[in-house]
Amino acid sequence: MVTYILRRTMSAIAVMAMVGAFVFLLLRLAPGDPAAILAGRAATTEMIAGIRQQLGLNDPLPIQFMRWVWDMLGGDFGNSIFAGRPVLELIAQRLEPTVSLSLLTMTLSVTVGVSFGVLAAWRAGGLIDRTLTAISALGYSVPVFVIGYFLIYFFAIQARWLPVQGYKPIADGLGPWFMHLILPTLALSLGFVAFIARVTRASMLEVLTEDYMRTAAAKGASPYAMVVHHALKNAGVPILTVIGISFAYMIGGVVLTETVFNIPGIGRLVVDAINNRDYPIIQSVLILTSGLYVLINLTVDLAYTLIDPRIRY
């Protein structure tokens with residue numbers, strides 16, 4: 001296990017190096033000059049050249065890349081070009097809305113998705129199975145922003161039950177915090193619920209046809225024991241895999257959801273940084289999210305041994 005963790009850590013470092021080089025070159029080679037944007041429309045050529053010199057944009061790309069990597073390894077992710085403040089400080093200020101939305105989304109997605117999948121497999125071919133399959137297909141096919149605007153129209157504008165947009169921090173109370181996150185959580189989680197439910201159903205159907213399941217039924221095991229203690233545990237590896245994939249995919253969905261619901265999270269920070277060509281923010285967020293993605297994959301791989309003792313690394 002130790003050898004496996006060390007090997008995966010080395011591969012993760014290599015992946016992060018490639019991601020960093022790709023992100024750096026992609027932003028630098030894209031059209032647009034952050035110095036010109038920062039200087040404004042009335043800026044002269046001399047003013048733009050001075051800003052480029054101040055930001056170090058005139059240096060060769062290899063020097064810019066090595067300087068950026070060296071500073072980042074020392075914990076310095078640079079300062080925002082437009083805000084003039086440390087990038088990590090800006091990210092920390094936007095972290096609570098994003099973490100809150102992500103945790104609520106994953107909690108709802110896993111709970112409802114696994115439950116729907118198990119129920120659909122246990123009643124395979126019946127009305128419940130067909131209904132849940134249709135709902136899952138619909139939720140998996142409709143984009144997040146369409147679901148978001150639909151929920152806003154009916155539950156916020158027409159019914160006036162929930163806030164239209166915005167976010168309230170936990171410090172203002174759990175009630176306002178939760179009320180502002182209900183609609184974005186539903187919009188973001190619907191696709192993941194469908195994804196997890198479909199994989200859970202397929203995995204459960206495969207396990208329910210095994211001989212040991214018929215043996216458990218012949219011994220008089222209750223339906224609850226058969227589903228939870230026998231079938232679900234043995235179908236856990238594919239389900240855990242898809243949960244890890246969903247958590248990684250959710251990083252991209254958070255950006256769109258925060259834009260639709262006007263939530264001041266990291267997703268909105270990235271969108272604003274892209275519009276302003278704010279290199280330090282974009283690079284830092286992409287590196288941090290890539291590192292989180294690699295960490296999730298490693299955690300899922302290690303969790304396999306807890307579900308299936310036959311798996312060894």
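**Exercise 1. Determine what share of the contacts in the protein chain with a separation of 6 or more comes from residues 24 or more positions apart.**

Solution. Begin with the criterion, under which a contact means heavy atoms within 4.5 Å. Among the contacts with a separation of 6 or more, residues 24 or more positions apart account for 74%. The model behind this value is predicted, with local features needing pLDDT of at least 70 and side-chain atom pairs counting only at pLDDT 80 or more, while totals for chains, interfaces and linings use all residues. Residues are numbered from 1 along each chain as its sequence is written, and side-chain values use heavy atoms, with hydrogens and water left out.

**Exercise 2. State how many helices and strands the protein chain has, and what part of its residues is buried.**

Solution. Helices (DSSP runs of H or I, at least four residues) and strands (runs of E, at least two) are numbered from the N terminus. By this rule the protein chain has 14 helices and zero strands. Next, taking buried as under 20% relative accessible area, exposed as over 50% and partly exposed as in between, with a 1.4 Å probe and protein chains only, one finds that 38% of the 313 residues are buried.

**Exercise 3. Identify the residues that lie nearest the centre of the largest pocket, and the helices that each supply at least two residues of its lining.**

Solution. A pocket is an open set of points on a 1 Å grid over the protein atoms alone, where a 1.4 Å probe fits, with protein on both sides within 12 Å along at least five of seven lines; lining residues have an atom within 4 Å of a point. The lining of the largest pocket comprises 26 residues, and Thr98, Ile251, Ile266, Thr289 and Leu292 lie nearest the centre. At least two lining residues come from each of helix 5 (87-93), helix 6 (95-122), helix 12 (236-260), helix 13 (266-276) and helix 14 (279-307).

**Exercise 4. Locate Arg160 and Asn262, and say whether each is exposed or partly exposed.**

Solution. Arg160 belongs to the loop between helix 8 (144-158) and helix 9 (174-208), and its phi is positive, about 60°, although it is not a glycine. With a relative accessibility of 71%, Arg160 counts as exposed. Asn262 sits in the loop between helix 12 and helix 13, has a positive phi near 55° without being a glycine, and counts as partly exposed at 37% relative accessibility.
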